[in-house]
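I open a notebook on a structure that is new to me.

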2 protein chains.
Amino acid sequence: MPRLVHDTSAILDAAVRLLVAGSADAITIAGVIREAGVSSGSVYHRFPTRAALLAAVWNRAVEGFHAELEEHFAGEPVAAAAALGRHTVAWCRAHPADARVLLAGLGAFEPTSWSPESRERREAGQARWDRHVRRLLAGLRAETGRETAELLLVVIDVPYAAVRRYLSAGRDIPANLGDIVERLIRAQLA
Amino acid sequence: MPRLVHDTSAILDAAVRLLVAGSADAITIAGVIREAGVSSGSVYHRFPTRAALLAAVWNRAVEGFHAELEEHFAGEPVAAAAALGRHTVAWCRAHPADARVLLAGLGAFEPTSWSPESRERREAGQARWDRHVRRLLAGLRAETGRETAELLLVVIDVPYAAVRRYLSAGRDIPANLGDIVERLIRAQLA
DNA sequence: CGGCTTCTAGAGTTCTCTCTCTAGAGAGAT
DNA sequence: ATCTCTCTAGAGAGAGAACTCTAGAAGCCG
């Protein structure tokens, strides 16, 4: 066999398929070996433990999401909130498998057993994201006078809620759902 | 030992504690035996398989929720929707452990491996609930002219979204969250 | 060509889980 | 008092998962 017969991303894709078909707990090393058609040696060469595999699945999905969404924090607060809602829905529509990863929630990936490197990588990205969110919320509070709990619901939680119904049923996200979410956000922040 | 040493509900409570501490997959027969401090014989006497235990946990939680919420479907559609949202939040605040069960979603309880009796019991309750929801949505469509996807989001998904953030972080639900949700629903249906 | 390094294959160990099975305790009936 | 039925206790079998280990294949560099 030549070097690097198997693509690492193909192994992660197999893990995500297991999650989509079941739950995050369905991501087992044995399952990935079967699903990806590779040997246990190949998997363990890349991911020394199951925790490392789970960390890689989570970090890849969340970094993809952040990379595509981050630009929409720029600009005037209400417009930014509306754009974030719309593009969150659009991203989930375009990447339903990775969206399922995010919807499962960090807790399902057992972050307490991750290596320090995986943990730090996640925390750094999350801190960056949280800074953006806090700045946006501060802007919205100043502009609308609403309290944080309400803004969190409207700006962060509603887009996820809109999408969860379709993703967890394995159905496609309606094409106009982004419009609906954006309208709701604008109406609530008016 | 006398008859019925252990309470069946204590066994289900132990199962729910395992879910709250981890995930639905963390509900194992072996785990419940440890958590509840009973013998495997006692558990298997009540629940012949793990699937039967999972079915009992799910059905108990969902029936408690439906029993308390069902009355709020009565009355004028917009008022009913507002009441449902407010009381959904209130129920989750009062029963955070059972709320976690519902938030995990039916899929996490592997309903395909349930016994026909458990399955039918669930489906009967769900059908009853769905009839109420459909009737409410029909009323709201007539009154507001909005499409189903939007109404589902506002009336059904938003209350769950409001509550999920706090429950999955293990934090208490803010006392005024019910107000926030009710206001949002009324505003969107105006 | 020959050695070094990276990667792959898969057998084997240990652990945990589900489920079965047997022995027996205790309450109520006759 | 003893018999029956319900429930409990816990050992043990079988399956599957995480992880370890060893042998070796194949590219690269001299």
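**Entry 1: a salt bridge within chain A.** I looked up Glu63(A) and found it in a salt bridge with Arg121(A), with 2.7 Å between the closest N and O atoms. I used the term for a side-chain nitrogen of Lys or Arg within 4 Å of a carboxyl oxygen of Asp or Glu. Glu63(A) lies in helix α4 (residues 50-69) of chain A and Arg121(A) in helix α7 (residues 116-144) of chain A, so the pair, 58 residues apart, links distant parts of the chain. Helices here are DSSP runs of H or I with at least four residues, strands are E runs of at least two, and both are numbered from the N terminus. Over all chains, I noted 22 salt bridges in the whole structure.

**Entry 2: ground rules.** The model is predicted, and local features need pLDDT of at least 70, side-chain atom pairs count only at pLDDT 80 or more, while totals for chains, interfaces and linings use all residues. Residues are numbered from 1 along each chain as its sequence is written, chains are lettered from A and ligands numbered from 1 in the order in which they are written, and side-chain values use heavy atoms, with hydrogens and water left out.

**Entry 3: chain A against chain B.** How many residues does the contact take from chain A and from chain B? I noted 23 residues from chain A and 23 residues from chain B, contact being heavy atoms within 4.5 Å. The buried area between chain A and chain B is about 2,000 Å², and carbon and sulfur atoms give 55% of it. This is the accessible area (1.4 Å probe) that two parts lose on being put together, summed over both. I found four salt bridges between chain A and chain B. I looked up Arg165(B) and Asp157(A), whose side chains form a salt bridge at 2.9 Å, N to O. On the side of chain A that touches chain B, α8 (148-168) and α9 (177-189) of chain A are the elements that give two or more residues. The largest share comes from α8(A), with 13 residues.

**Entry 4: the second largest pocket.** I then looked up the residues that line the second largest pocket, and among them are Val20(B), Cys92(B), Arg100(B) and Ile173(B). A pocket is an open set of points on a 1 Å grid over the protein atoms alone, where a 1.4 Å probe fits, with protein on both sides within 12 Å along at least five of seven lines; lining residues have an atom within 4 Å of a point. α6(B) gives the most to this lining, with three residues.
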